[in-house]
Each structure stands twice: as C-alpha cells, then as structure tokens.
Amino acid sequence: MRISFLLALLATLWLANCNTDDETPVPDDTVVEAGAGVLVTNEGGFNDGNASVSYYRFGDNTIQQEIFAGVNERPLGDILQSMTLVGDTAYLVLNNSQRIEIVDVKTFESLGAIAVQGSPRYFLPIDEETAYVSDLFGGVVHVVDLSLRAVIVSVPLPQNWAEQMIKVGNEVFVSCPSSFGQPPSRQLYVIDAVNHVLVDSIEVGLSPTAMLQDAAGSIWVLCSGDFDTNTPGGLYQVDPQTKAVLQSFPFADNNIGFAPRLAIDKAGSRLYYTKIGLYTMPINAGALPSEPLITADGRDLYGLGIEPGTGNIWLGDAGDYKSRQMIYRYDGDGNLLDSKLAGVAPSGFYFY
Amino acid sequence: MAYFRRCFLYCIIPFAALLWLPGRTLAQTDTIDIPEVTITASRLRGWQPGQEQGAVDSMQLSFLKTQNLSEALRRQGGIYVRDYGAGNIATAAVRGTSAGHTAVLWNGLPLQDPMLGLADLSILPLFFFDDTRLALGGASSLWGSGALGGAIHLDSRPEREGGLNLSYQGEGGSFGFLGQGLKLGYGSSGFSNSTKLFLQSADNDYFYKDIFGKEKRLPHAGSRQMGALQENTFRFPDGHQLGVHFWAHQAERDIPPSRVQPDSRARQEDEALRAALDWQWVGQRSSWITRLALLQNRLQYTDSLTNTFSDSRTRSILAEAEGTHSLSSGLDVKGGLQFNYLEALSDVYPGFPRQDRWAAFAALRWESPGRQWLAVVSGRQEWGAGRAIPFTPSLSLRWQNEGALEAGLSASRNYRLPTFNDLYWPGAGNPNLRPEKGWNQSLYLKTEKEWGHWRGLAQLSGFNYNVEDWIIWLPEDGLFRPENVRQVWSRGGSARLILERRLGAGQLRLEGNYSYTRSTNEGSRDAAGPSFGKQLIYVPRHQGGATLAWQSGGWYLAYLQECAGRTYTLSDNSDWLPGFTLGALRLSRDWQWKTFSGRLYVKVENLWDENYELVANRPLPGRHFRVGLNIHYSKK
C-alpha cells in the first residue's frame with residue numbers, strides 16, 4: 001500500500017520535472033517579396049544544426065525567423081556559409097551539411113539539393129548548366145552540373161582553402177586564404193571556366209579572403225593578414241584583364257576581427273569593409289580611411305550588407321557564436337536606425 | 001526482423017539455461033545492506049566529513065563491469081554526463097560547473113590530460129576499479145587544481161589474505177558490443193597481486209534519424225579498447241607497505257558523423273601509460289605515504305575530410321609525500337608536499353610547453369569525545385605554472401546523533417589552472433590567463449531508520465558555488481581566444497531516498513534521487529548581452545532517477561528509471577535539447593558449481609525506446625539488449 005503510494009508520488013514527480021518542455025516556436029508562413037526586405041543568413045553553430053534564414057521587412061520593420069524551417073517543416077542544416085541569388089532561385093551553401101539547398105526565393109520552398117562531399121563555402125553560377133563551388137579543406141573548386149545536381153569534376157588548386165569567386169568573361173578568380181598548418185598564401189588563382197583548368201595566379205596581400213567587383217570592373221580583394229606572424233593584410237585593387245595589381249593599401253596593423261567582410265554600394269563606387277569597426281571609402285580614394293564610420297563597441301561585426309535603394313548599412317553581431325544575436329540597420333552616415341534579434345551568428349545580408 | 005530475432009535469442013537462451021542452475025542464497029538476504037565501500041585514497045577517508053559523497057551501488061556496478069565510467073555516473077544525482085555516443089568522448093560535470101571542474105583521480109592521481117584539462121570517461125573501464133566514488137563539492141584544498149566542482153575517485157583495493165582467485169566477466173549484445181575482463185588475484189599476509197585484462201569492442205551501428213528525418217544506421221562508429229592493469233602490494237614488518245601499479249591502455253575509435261553531417265572520416269586513437277609506486281608506513285600514532293607516478297597520454301586524431309592530422313603526447317610526473325600524526329585523543333594533523341611536472345609534445349603547438357608546480361597542504365582534524373562532532377580545517381597553496389595561484393582553505397564539519405541523524409557542512413575555496421590548450425594553442429593561446437577560482441558552500445542532512453521489516457534512508461542537501469575568472473573562448477583580435485571573462489553562480493539541492501523491505505528470504509528495495517541545479521551566467525564580456533543571467537548550456541535544472549529492485553534466492557530483478565529536464569544548447573537559452581525519461585531492466589541469477597560461482601544476467605537498456613541526446617545532434621541508441629556472464633573461482 002505504502003509502496004504503491006510512493007511509486008505514484010515518484011511518478012508524479014517525474015512527470016512534473018521531465019515533461020515541462022515547451023514546443024519549439026513555429027514561425028509564421030512567409031513570402032519574400034522583391035524589394036520589400038532583406039534576407040539574413042544566420043550561420044549557426046558547428047554541429048548544432050541551427051543554421052537559419054531571417055527575413056526583415058522594410059515596410060513595418062518586422063523580422064521573421066527561421067523562414068526555411070517554417071515553410072519546409074524541417075531544419076535547414078549546419079553552418080550556412082553563404083547564399084547566392086540567381087534570378088528567383090537561391091543557392092544556400094551549408095558547409096558542415098556538405099550540401100547546397102536550392103530554394104525558390106519567393107516561397108522559400110526547397111527545390112532540391114546538391115550534395116558536395118567536402119566542405120563547401122561559396123557558390124558561383126558559370127552558365128545555365130554549370131556552377132563552381134569553393135571548398136575549405138579540399139584544395140579544389142568543384143564544378144557542379146546544375147541539371148544533374150552533382151559535382152562532375154573538381155579543379156585542383158595549389159592551396160587547401162578556396163574561398164570567394166568572381167567570374168569575369170570566361171575566367172574565374174578565386175581567393176585563397178592561408179590555412180592552418182600550410183605555407184602562407186598571397187594568391188588569387190585564375191581558372192579557365194570553359195575547360196575548368198587553372199591558368200594563372202596573381203599575388204596580392206597575405207591571406208586573400210573577401211572579393212568583389214566595382215563599377216569600373218576592377219576586382220577588390222580584402223586580405224586578412226596573419227595573426228601568428230603579426231603580418232597585417234590590406235585592400236588590393238586588381239585589373240582582371242591585365243592581371244595587374246593596380247593599387248595596394250596595406251593595413252597598419254593586423255587587428256582585423258574574426259572574419260573581415262567587404263561590400264560595395266549599388267552604384268559600385270563606394271567600398272565598405274570591417275576591420276573590427278566598419279570603414280568606408282570611395283573606390284577612387286587615394287588612401288584608406290583613418291577612422292571607422294561605425295565602431296564595434298564590443299560587438300563582433302560578423303555580417304555586412306549595403307541596402308541597394310538607400311545605401312543603408314546592415315551589420316550583424318556574432319556575440320559568443322552560441323546564442324541568437326542582433327542585427328543593426330544604419331543610414332549611410334552611420335546613424336543607427338533599427339536593431340533586431342536574428343539567429344545564431346548572422347553573417348550575410350541579401351537583397352532580393 | 002532478423003534484428004528482433006537476434007534480440008529474442010539473446011534474451012531467451014540464457015534464461016532457459018538459468019532455470020536449470022542450482023540457486024545460491026545471497027549473503028545479503030538476511031541482513032539488508034546499504035552498500036558501503038572501503039576507501040583507500042588516504043586524503044578522502046575522514047578528511048572531508050561534511051561533504052556529500054555518492055558511491056555507485058555495488059549491485060548496479062556488477063552489471064556494468066565491462067562498461068565505462070560514464071555509464072556508472074549517469075544515474076548518480078548531482079552529476080551530468082555529456083556523452084557523444086558510440087563510445088566517443090564522455091565527460092561529467094558536477095552541480096552546474098563544467099567538465100574541466102571535475103577532478104578524476106585514480107588512487108589519488110589526477111587523470112585529466114594537461115592539454116584538454118579533461119579525462120575521457122569512455123576509456124576508463126569500470127572493470128579496473130574496485131571502488132568508484134563521487135565527492136560532490138569543491139576539494140582543491142586536498143586535491144588541487146581541477147577539483148573545483150567535485151571529484152571522481154577510482155580506487156584499487158589490495159587483495160585480502162585469501163589465496164588465489166580468478167574471475168571473468170563477459171558481456172555481449174546489440175550493435176556488436178562485446179566487453180570482457182579477466183582478473184587474477186592473489187593475497188597472502190605479505191604479498192598481494194591483482195592482474196586485470198580488459199577488452200571491449202562495438203560496431204555502434206544503431207539506428208538514428210538525421211536532421212531531415214531520414215532513418216539510417218550510424219556509419220563509421222566502431223570502437224575498440226584494451227587495457228592491462230597490474231597491481232602489487234608488498235607488506236613488510238613494522239607497518240611498511242610498498243605498492244606498485246602499472247596500467248597500459250589503448251583505444252581506437254571511428255568518430256561517426258553528427259546528425260547534421262552526411263558522413264565522417266574522423267578517427268581517434270588514444271594510448272595511456274600510467275605507472276605509480278607508493279610506500280606507506282602505519283604506526284601507532286603516525287603514518288606516512290610517499291608516492292611517485294608517471295602518467296603519459298598520446299592522442300592521434302585524423303580526418304581526411306578536413307585535412308587534419310594531429311599527434312599529441314603529454315607526460316606528467318608526480319611526486320608527493322604526506323604524513324598524519326595523532327596529537328592527542330581526537331586530534332590529528334596531516335601535512336604534505338607535492339611536486340608535479342607536466343609537458344606536452346604536439347604537432348599543433350609551436351614549442352614544447354612545460355610546467356613545474358609545487359604544492360603544500362595541511363589539515364587539522366578534531367573529533368569530540370562522544371564522536372558526535374568531527375571537524376576538519378585544511379588549506380593548500382600551490383606555486384608555479386607561471387602565475388599566481390590562490391590559497392585554498394576549507395572547513396568541513398559533521399555532526400551525528402547515535403547514527404540516526406547526521407548533518408554535514410562544508411565551505412571551501414577552489415581553483416582550476418588554465419589548460420595547455422588555453423595557454424599555448426597556436427595563435428590563440430593566452431599566456432596571461434589567471435586560474436579560475438571560486439567559493440563553494442554545501443550542507444546535507446541524513447537520517448537512517450529501521451523498523452520491523454523496513455529500513456530507510458533519507459538525505460537532503462543544498463549547495464552554492466560562486467566561480468569567477470571562468471575561462472571561455474571568445475572571438476578577439478581575429479581569433480578565438482580563451483579569456484577569464486565569465487562569472488558563474490550555481491546553486492541547488494538534491495534529495496535521496498532509499499526504502500527497503502524484507503520479504504521472507506528476499507528483499508525489495510526502492511531508491512530514488514532528484515537534483516535541482518540552477519547555474520547562471522552572472523557576467524561576461526557582453527554583460528548586458530542576451531546570455532546574461534541565463535542557465536549555462538548543458539546543465540539540466542531537473543534530474544532524477546529511481547530503481548525498484550527485488551532479490552530472492554539468487555534471483556535479482558530491477559527496473560531503473562533515469563530522467564532529465566531540458567538542457568539548453570544556446571547560451572541565451574533560445575534552443576535546447578528536450579528532457580527525456582529512460583527505463584532499463586536488469587535480471588540476474590547467481591549460480592554455483594563446485595568451487596565456481598558467478599552470475600548470469602540480461603539487461604534491456606532504453607526500454608521505452610526513447611529518442612534522446614546528451615549532446616546536440618549526437619544520437620544515442622534506442623532499445624537494446626545485453627547478456628553477460630560472470631565466473632568466479634577461488635582457492636584458499
């Protein structure tokens with residue numbers, strides 16, 4: 001009698017203690033409208049499976065979280081490294097899931113996926129049939145057949161880490177940062193995008209990471225330098241036709257932040273980059289800016305985007321990389337307009 | 001289907017055989033026994049009287065001898081095991097502190113690797129330890145760096161005078177598990193020998209669901225480990241005794257993909273060599289012990305997918321001397337000196353980091369004439385490791401009333417030195433780190449009672465920790481770097497209840513425990529950030545377990561229940577692993593044949609087939625089965 005009472009008591013205790021978990025919040029249905037907002041990619045934590053996409057609407061300044069999971073009723077994957085918009089299709093590169101999720105941007109419904117064995121970083125469309133995918137460890141750029149949705153060949157590179165890619169004519173320029181335990185890298189590699197072979201290299205600063213092309217066609221490369229040897233990086237301007245380095249702006253120190261970012265305005269005439277704080281300079285400036293436009297103030301500025309219509313600046317704070325963190329919207333003069341909580345490690349802003 | 005048939009066969013065949021075996025009456029049937037185990041680590045016995053200690057129930061331990069330490073700790077109150085599954089790394093954190101705050105001591109020697117500051121509980125087989133005990137609460141005043149949250153004591157007990165004995169335990173079951181241990185023991189008045197061999201392997205190819213909900217068998221998850229432990233004691237006249245311990249261990253593990261990864265090619269190999277020599281002398285009013293030990297670890301990690309190939313070796317030499325003297329009746333003093341040399345040779349470090357550490361400790365113990373009160377004041381100071389180390393005092397007090405009621409109170413200052421990785425990791429290591437330090441207070445109240453056929457024990461305890469300079473890795477100046485930025489406040493309590501009833505020649509036993517832990521981030525670099533004031537990740541607030549067991553005429557049947565509330569996986573508590581409840585069954589039959597005796601048993605783990613994780617996206621097996629056999633032979 002007493003034992004059954006005790007058992008009942010214990011059972012009640014377990015029920016009370018163990019089954020108190022709330023259901024996970026279900027985001028609202030969402031539709032992404034052209035020009036109506038910004039898509040925020042949240043990288044997530046390694047092996048935490050919490051990569052996500054948030055959508056901020058300009059109209060009512062509201063943010064919707066986890067739009068992919070909300071629409072497709074499954075998680076997106078692990079480590080959302082980058083997103084590439086090609087028309088109405090988005091390619092979301094999930095580094096640790098070793099796959100690229102293909103999504104209809106308007107509905108955010110999954111259209112399928114490309115498996116990439118390795119450690120995919122960035123996606124670059126070459127033509128209607130082909131795309132390139134860079135790889136963190138493999139020392140290759142993968143060539144993907146878009147109709148087969150599969151890697152058909154991988155182009156070997158002299159460095160392990162292939163990062164960002166830009167296509168100019170029939171050539172693809174690949175930035176290769178220095179990787180752990182490897183000789184230092186200062187190269188952009190040039191791949192013939194018709195025959196998928198390495199054809200050339202261009203020496204810039206130490207550890208080239210972020211790249212973009214300006215209105216005049218020049219490629220700008222942000223080099224992050226090296227912490228171990230205390231070697232600063234810099235900003236480099238390269239002519240993709242002649243392969244010549246047009247201008248070099250070495251940084252005074254290597255205090256550059258965990259993952260420096262580079263962005264350009266819609267006109268292609270003003271550069272923005274993070275080096276702890278946010279700096280900006282016109283492409284024809286003769287020198288680097290001496291003061292940041294926006295100071296970090298203890299934040300880890302991990303995401304950067306420039307709003308096409310307004311020139312507003314978007315910044316994401318990665319915090320401790322183990323919690324949902326804030327994104328910030330500033331006007332072009334660096335005045336704070338709004339801030340919202342996004343996902344874990346907000347790293348990219350994409351304007352559709 | 002074949003799977004179920006196999007499971008069925010595992011269960012039925014041995015039990016059909018069991019019914020034919022002659023029964024052996026258990027020694028425990030006439031006296032109801034709450035397990036109490038001998039303690040050999042000299043500083044543990046009686047020198048922390050006010051601290052709560054938990055011993056793994058010896059009956060439950062007998063079912064786990066071919067498994068690893070992590071399995072035995074999972075059902076203990078006040079400790080949370082983080083198990084990556086499939087034989088991979090498992091660590092334990094006490095009362096809301098972190099895994100690095102739990103000292104793991106083998107006969108008093110720290111097993112935490114200097115590079116990681118952790119001991120991997122998955123490669124510490126229970127077969128090698130005669131006594132497994134958990135001390136809840138800080139104990140730096142006795143055990144130095146690392147014992148900030150608590151300590152796990154793994155001790156050997158020298159063979160008693162009793163001639164030769166030989167025992168074997170083998171267990172096999174689901175997912176290709178096979179664990180075997182063989183022990184040769186010999187004890188005489190002047191000499192004892194214990195030789196233990198251990199072998200364990202598993203495929204760990206259990207079913208799990210990936211993050212897209214697709215059911216798969218866990219690939220690349222095999223594990224294998226083997227070890228040999230040789231221990232000898234030589235007893236000399238006039239109270240002298242020499243102990244020799246030698247332990248070699250090797251493990252190879254394929255690291256399976258997490259639920260978010262499609263595959264994995266990572267592999268880890270561990271090797272450990274541990275040798276210790278101790279000389280003890282016990283006189284009328286004094287005793288001393290000196291010890292010399294060499295501990296060596298090698299860890300090789302390869303992953304062709306990420307081009308990672310690392311080979312790390314660490315070595316530690318420990319020399320210590322400790323003496324105890326009785327000043328007068330009821331008043332004892334203890335003091336000791338310790339030297340510890342640590343080095344690491346790793347292809348991830350640019351140099352060859354080394355550390356010398358010296359420590360002195362002293363303690364005074366007073367027992368009241370009626371033995372009602374027992375009080376210990378102790379203190380320890382360590383020097384070296386290139387940084388200022390705090391003095392760690394401790395006060396421990398116990399009061400008891402004729403054995404019916406007991407109360408304990410303790411307060412201590414504790415610390416943990418930064419690990420080699422914290423200090424020397426290339427480009428990130430921070431040479432300016434301070435030791436983590438904190439204050440800890442705890443109390444408990446215990447009562448035991450016997451009435452008629454009943455016997456019971458009830459215990460309540462509470463604790464409080466304030467830890468400062470807690471080291472976490474944060475992005476800074478271009479790299480993740482460790483920094484002394486976090487302040488943590490952990491507090492909570494636990495309750496434990498044991499009820500036993502004699503039933504004819506048998507016994508029914510109910511044991512339950514519940515712990516509440518609130519461990520919060522009270523400050524870090526982003527003091528106003530979203531993680532401020534929030535529960536630390538991987539610390540469940542609620543945790544509990546219960547066992548209902550019946551034993552009679554050589555049979556034993558038990559149902560075990562284990563449960564934990566949610567554990568947060570993000571520091572702002574916006575995501576978590578859901579709570580879980582796990583059931584398990586144990587059925588065994590003791591047997592005797594001529595001079596052989598032993599036990600045959602069957603276990604069902606995760607009886608209700610709960611889908612759960614202890615580390616995010618590291619799946620653990622569903623319902624599975626094990627069959628084991630224990631054979632013991634002794635000759636006077």
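# Reading burial, sheets and chain contact

Colleague: How many other C-beta atoms lie within 10 Å of Val190(A)?

Modeller: Burial is read from a count around each residue: 20 or more other C-beta atoms within 10 Å of its own make it buried, 12 or fewer exposed, and anything in between partly exposed, with C-beta atoms placed from the backbone. Val190(A) has 18 such atoms within 10 Å, so it is partly exposed. This is a predicted model, in which local features need pLDDT of at least 70, side-chain atom pairs count only at pLDDT 80 or more, and totals for chains, interfaces and linings use all residues. Residues are numbered from 1 along each chain as its sequence is written, while chains are lettered from A and ligands numbered from 1 in the order in which they are written.

Colleague: Which residues is Val190(A) in contact with, leaving aside its neighbours within four places in sequence?

Modeller: A contact means two C-beta atoms, placed from the backbone, within 7 Å. For Val190(A), beyond those neighbours, the list is Glu171(A), Phe173(A), Val199(A), Asp200(A), Ser201(A) and Ile202(A). As for Ile79(A), 111 residues away along the chain, its C-alpha atom is separated from that of Val190(A) by 27 Å.

Colleague: In which strand does Val190(A) lie, and which strands form the sheet with E15(A)?

Modeller: Helices (H or I, at least four residues) and strands (E, at least two) are DSSP runs numbered from the N terminus. Val190(A) belongs to strand E14 of chain A. Two strands pair if DSSP finds at least two bridges between them. Here the open sheet has four strands in the order E12-E13-E14-E15 (chain A), paired antiparallel. Strands E12 (165–168) and E15 (197–203) of chain A are at the edges with a single partner strand each, so each has one side without a neighbour in the sheet. Neighbouring strands are turned by 25° against each other on average, direction ignored; the axes are lines fitted to C-alpha atoms, for helices over the stretch in contact, with angles from 0 to 180 degrees between N-to-C directions. Between E14 (residues 187–192) and E15(A) there are six bridges in the antiparallel sense, and Ile191(A) stands opposite Leu198(A).

Colleague: Which strands make up the sheet that holds E17(A)?

Modeller: Strands of a sheet pair through backbone hydrogen bonds, either parallel or antiparallel. In this case the order is E16-E17-E18-E19 (chain A), an open sheet with antiparallel pairing. The edges are E16 and strand E19 (244–250) of chain A, each with a single partner strand, so one side of each is left without a neighbour in the sheet.

Colleague: How many bridges join E17(A) to E16(A) and to E18(A)?

Modeller: Five bridges link E17(A) to strand E16 (residues 208–213) of chain A, antiparallel, with Leu222(A) as the partner of Ala210(A). These two strands form a hairpin with five residues between them, and Gly217(A) in the turn has a positive phi of about 100°. Five bridges also join E17(A) to strand E18 (residues 234–239) of chain A, again antiparallel. There, Val221(A) stands opposite Tyr236(A) and Trp220(A) opposite Gln237(A).

Colleague: Which residues of E17(A) point one way, and which the other?

Modeller: Ile219(A), Val221(A) and Cys223(A) point one way, Trp220(A) and Leu222(A) the other, and all are buried. The strand, residues 219–223, is thus mostly covered.

Colleague: What is the mean pLDDT of chain A?

Modeller: pLDDT is the predictor's confidence in each residue, from 0 to 100. Chain A has a mean of 90, with 91% of its residues at 70 or more. Residues 1–27 of chain A are below 50, and beyond near neighbours in sequence this stretch has 30 contacts in the model.

Colleague: How many helices and strands do chain A and chain B have?

Modeller: Chain A has two helices and 27 strands. The radius of gyration is taken over C-alpha atoms, and the globule rule is 2.2 Å times the number of residues to the power 0.38. Chain A has a radius of 22 Å, close to the 20 Å that the rule gives for 352 residues, so it is as compact as a globular protein of that length. Chain B has five helices and 33 strands.
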